[in-house]
Amino acid sequence: MRRIKVIDSHTAGEPTRVVVEGGPTLGRGSAADQLRVLRAHHDRFRSAVVNEPRGSDVVVGASLVEPQDRSCAAGVIFFNNVGYLGMCGHGLIGVVTTLAHLRRLAAGTHRIETPVGVVTATLHPDGTVAVQNVRSHRLAGAVRVEVPDLGVVVGDVAWGGNWFFLTGGLAEPIELGNVERLTALAWRVRQAVNAAGFPQVDHIELFGPPRAAGADARNFVLCPGKAYDRSPCGTGTSAKLACLAAEGRLAEGRPWVQEGILGTSFSGSFRREGEGVIPTITGAAFVTAESTLLLDERDPFCWGIQA
Ligand code: PYC
């Protein structure tokens, strides 16, 4: 029987499962190298941790790894029901909160190695976490895609640690009661965007007017495996900041409050760097469980249920 120790948390409603013990040995390379080993040789471990029957399509996994960069307090590889993420904003806030819960991190600023670069996280005394993300940029603005039976949708393609297509052009209510329709529409938009020359885009971010006082916009984010982000999505908010900066619609250092579909929010801001921006995303996570996953090879679903 194999045992994997995990700590579950949620950030603004979106779950993160941090593997703190029992993960596979991935060598001594960078987080990007270790991700390649995990994907090539231990992909069933990913599925066992996040997929049913132990998890669900919504759970984002975070495996703690030894950082190659010795200035980093930790390394982390994020994954989901269908594969791997470059960075994960809500997940990083969950990781920092989990490490603090384990008393492995104190309040202050810490560097953390991810497969797409080093990010900096500041754990504040009140438990909120500010993540200074990897450099983010808008790759293409006002991209027009033809979505069958829907028409032309116009949006931006941007990198915020993952690849996004961002659009405010669907005029759909961004609310929980409309999640099935938002999911179906966003999936069709994704297929059209991929076919239009952006095969790397695997997150679709739809925008609508905010509900909460003080918020700037509300979003719905469809993740690669068809689950929607319950949080306002840290990498999606980073991509949004890159687009706002590219259009000159938000000044450096000015706050942008991004509301998600549950009404929870992340506060973001950016500073310019080269052709892009360095976003900072602030939010809070709460630990929900400390558990040991049991993997019994006699169990037909030992390695998770995969489509
Ligand atoms: O917060 O960056 C994020 C994220 C990506 C996918 C789910 N959450």
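**Entry: Ala171**

I looked up Ala171 and found it in the loop between strand S11 (163-167) and H4. Helices here are DSSP runs of H or I with at least four residues, strands are runs of E with at least two, and both are numbered from the N terminus. This is a predicted model, where local features need pLDDT of at least 70, side-chain atom pairs count only at pLDDT 80 or more, and totals for chains, interfaces and linings use all residues. Residues are numbered from 1 along each chain as its sequence is written, and side-chain values use heavy atoms, with hydrogens and water left out.

Is Ala171 buried or exposed? At 74% relative accessibility, it counts as exposed. I noted the cut-offs: buried is under 20% relative accessible area, exposed is over 50%, and partly exposed lies in between (1.4 Å probe, protein chains only).

Ala171 has a positive phi of about 50°, although it is not a glycine. Most residues other than glycine have a negative phi, and most peptide bonds are trans.

I then checked Ala12. It also is not a glycine, and its phi is positive, about 55°. Ala12 sits in the loop between strand S1 (2-11) and S2. Its relative accessible area is 11%, so Ala12 is buried.

Next came Pro53, in the loop between H2 and S3. The peptide bond from Glu52 to Pro53 is cis, with omega near 10°.

**Entry: helix H2**

I asked why H2 is largely enclosed by the rest of the structure. Six of the eight residues of this helix (residues 43-50) are buried, so the rest of the structure largely encloses it. The buried ones are Phe45, Arg46, Ser47, Ala48, Val49 and Val50.

**Entry: empty space**

Rolling a probe the size of a water molecule over the atoms shows where empty space is left. The rule uses a 1 Å grid over the protein atoms alone: a cavity is a set of points where a 1.4 Å probe fits but cannot get out, a pocket is an open set with protein on both sides within 12 Å along at least five of seven lines, and lining residues have an atom within 4 Å of a point. Grid points are joined across faces, edges and corners, and a volume is the space filled by probe spheres set on the points.

How many cavities of 30 Å³ or more are there? I count two.

The largest pocket has a volume of about 250 Å³. It is lined by 15 residues, and Gly23, Pro24, Leu64, Val65 and Glu66 are the closest to its centre. Strand S2 (14-21) and strand S3 (60-65) are the elements that give two or more residues to the lining.

**Entry: nonpolar cores**

A nonpolar core is a set of buried Ala, Val, Leu, Ile, Met, Phe, Trp, Tyr and Cys residues joined through side-chain atoms within 4.5 Å. The largest one has 71 residues, and Phe78, Leu92, Phe165 and Phe220 touch the most other members. Helix H4 (residues 179-195) gives the most to this core, with seven residues. Another core of 19 residues lies apart from it, with Val6, Leu35, Tyr84 and Leu293 among them.

**Entry: single side chains**

For contact, I used heavy atoms within 4.5 Å. A polar contact is a pair of N or O atoms within 3.5 Å; within protein, one must be able to donate a hydrogen and the other to accept it, and residues adjacent in sequence count only if both atoms are side-chain atoms.

His90 lies in helix H3. Its relative accessibility is 2%, so His90 counts as buried. The side chain of His90 reaches the backbone oxygen of Pro15 at 3.1 Å.

Arg249 is in the loop between H5 and strand S14 (256-259). Arg249 is exposed, with a relative accessible area of 54%. Its side chain joins that of Glu247 in a polar contact of 3.0 Å.

Asp296 follows strand S17 (285-295). Its side chain makes a polar contact with the side chain of Arg298 (2.8 Å). Neighbours within four places in sequence aside, Asp296 is in contact with Met1 and Cys302.
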